[in-house]
Amino acid sequence: AALDADEGAKARELVQSAGAAAKNDPELLLTLAEAQWMEKDLEKARVTAARVLEKQQDSARAHHLVGLLALDQAKAREARALAAATELGTVAEGDDAAREEWTQKRDDAMKAMNAHRTEAADAFRSALAVNGKHLLSAVTLASLELADGKNPKGALTAIAPALEADAEAELSGFLRAEALSIAGTAHLELGDETSAEDALRKALDADPDHGRAQAALGRIFFKRRNYEEALPLFEAVSRRDPQNLEAAEGLISALLATGKNDDARKAVEDANTRFMGSAGIAYLFGRVEDALGNSLEAETHYKRALNAQPDLHEAALYLARFYLRSRRVPEAKALLEEPLKAEKLTPLMQVAAGELALAEGDLDTAQNHFVASIEAAPALADGYFGRSRALLERGDLRGALTDVEKALSLNPSLPEARLQLGLVLWNDGKLDQALEELQRARSESPSSVPTAVALGKVQLDKELLAEAEKSLREALRLE
């Protein structure tokens, strides 16, 4: 009863009061080990649990406790890895010794974390080998298998006992939701959205506030570009569990996708204080500043992301595209050199290759890459935006207008897409419409130099001389 009430100290005292009997009774020893674990005395708990297993190898409960103890050690090493990654992100360029030191510390901590996770998984498997219906071990093992999406098939195998009809009565609403959400997330990792959504909705029926289920369902909606449906799910999880990195990244991404750039800025600033070593948050910080037209800040955060995680290709890709928009072609080319050697380019990398070709004046190659991106991913706005730029260069105003409007319908916050719409309308002589779109683009990205310049040119054509002077002076100030 004391353990059920989370009163570890009281349980320990009760066991110890049993005297010599406690030293030989596996059940009393196990109760003592669990009490020590609850009091965070992990080393004593490990020793006591080992004594239990010496006397009673077929104790699923003891194996489960060993797994929980290993998980606690894994979390401690994860915290060390995050601290090292935070320090790594602050290392100045050129300080190779410091970079090597913090990289080694991060990698050592990650290696130890993974070793403890493996130990935990083995313990939970041992518990299930003893008792195939030990549902707590099934749920926890499945969660481990699913960590970082490394083994979704293994997660589905592990969680199967907890999803059987006779298991429902033994599980609380939360654990039932946890089991279903693990299954749903595993199906999602395997590309089976239908099964994933079905399991996740059942999980939310069992526990409407279950964070894993909300976050995974948010990912499904986001992938379908139902951003308005994804946003409240990520908001709910982030509000209830501020340390949920997946939800924080989902929230920032959804705010960006719905054009709520100022809210995205606030969310990423808050997340950056909680996840200072996260390369993903640094990358998203760059995306937010990019969308707001804050060039220097965007570049800084993209570099910070790559500093913390050099193989984060999304950050390299968006930094390269940022360089291309800034006409820093050699730097972009250097960043894209390795990714473009891939045997098969992703749709987004096709866009980057097209933008590089466009910057080098090769319109045919550029357009071919944009077409390849559109054919591979018809719902990706970037391909249409890129082709619109190529078509505008060719003087095909109708095609350029169709493509940029399509891009904005898919992603209203795509950097410089509204600027592109204004430029197409300006080239087509539709000055009033061009002025309206460029003013809107200016309000969305107040620090964008190209937008300020384009707005000034249109105002000149409309003989709004005072406004044109103000816009062009602002462009000079920003640059």
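**Entry 1: Thr 48**

I looked up the side chain of Thr 48 and found a polar contact of 2.8 Å with the side chain of Gln 36. A polar contact is a pair of N or O atoms within 3.5 Å; within protein, one must be able to donate a hydrogen and the other to accept it, and residues adjacent in sequence count only if both atoms are side-chain atoms.

I note that this is a predicted model, in which local features need pLDDT of at least 70 and side-chain atom pairs count only at pLDDT 80 or more, while totals for chains, interfaces and linings use all residues. Residues are numbered from 1 along each chain as its sequence is written, and side-chain values use heavy atoms, with hydrogens and water left out.

I placed Thr 48 in helix H4, residues 42-55. Helices (H or I, at least four residues) and strands (E, at least two) are DSSP runs, numbered from the N terminus. Thr 48 is buried at 5% relative accessibility. Buried means under 20% relative accessible area, exposed over 50%, and partly exposed in between (1.4 Å probe, protein chains only).

Which residues does Thr 48 contact, leaving aside neighbours within four places in sequence? I listed Leu 29, Leu 32, Ala 33 and Gln 36; contact means heavy atoms within 4.5 Å.

**Entry 2: confidence**

I checked pLDDT, the predictor's confidence in each residue, from 0 to 100. The mean for the protein is 89, and 95% of its residues reach 70 or more. Over residues 1-5 the pLDDT is below 50, and this stretch has 10 contacts in the model beyond near neighbours in sequence.

**Entry 3: Arg 321**

I found Arg 321 in helix H17. Is Arg 321 buried or exposed? Arg 321 counts as buried, at 5% relative accessibility. Its side chain is joined to that of Asp 382 by a polar contact of 2.9 Å. Not counting residues up to four places away in sequence, Arg 321 touches Leu 348, Val 351, Ala 352, Glu 355 and Asp 382.

I also saw that Arg 321 lies over the face of Tyr 318, 5.4 Å from the ring centre. A charge sits over a ring if NZ of Lys or CZ of Arg is within 6 Å of the ring centre and within 35 degrees of the ring normal. The charged end of Lys 406 sits over the ring of Tyr 384, 5.9 Å from its centre.

**Entry 4: aromatic rings**

I counted aromatic pairs and got four. Rings of Phe, Tyr and Trp (its six-membered ring) pair if their centres lie within 6.5 Å; planes under 30 degrees apart count as stacked, over 60 as edge-to-face and the rest as tilted. Phe 322 and Tyr 323 form a tilted pair, 5.9 Å centre to centre with 50° between the planes. Phe 322 is buried at 4%, and Tyr 323 is buried at 4%. Tyr 283, Tyr 302 and Tyr 318 form one aromatic cluster.

**Entry 5: the core**

I looked at the largest nonpolar core, which has 59 residues. Such a core is a set of buried Ala, Val, Leu, Ile, Met, Phe, Trp, Tyr and Cys residues joined through side-chain atoms within 4.5 Å. Its largest share, nine residues, comes from helix H17, residues 313-325. Among the residues with the most contacts inside this core are Leu 217, Tyr 283 and Tyr 302.

**Entry 6: a positive phi**

I found a positive phi of about 60° at Arg 327, which is not a glycine. Arg 327 lies in the loop between H17 and helix H18 (329-336), and is exposed at 71% relative accessible area.
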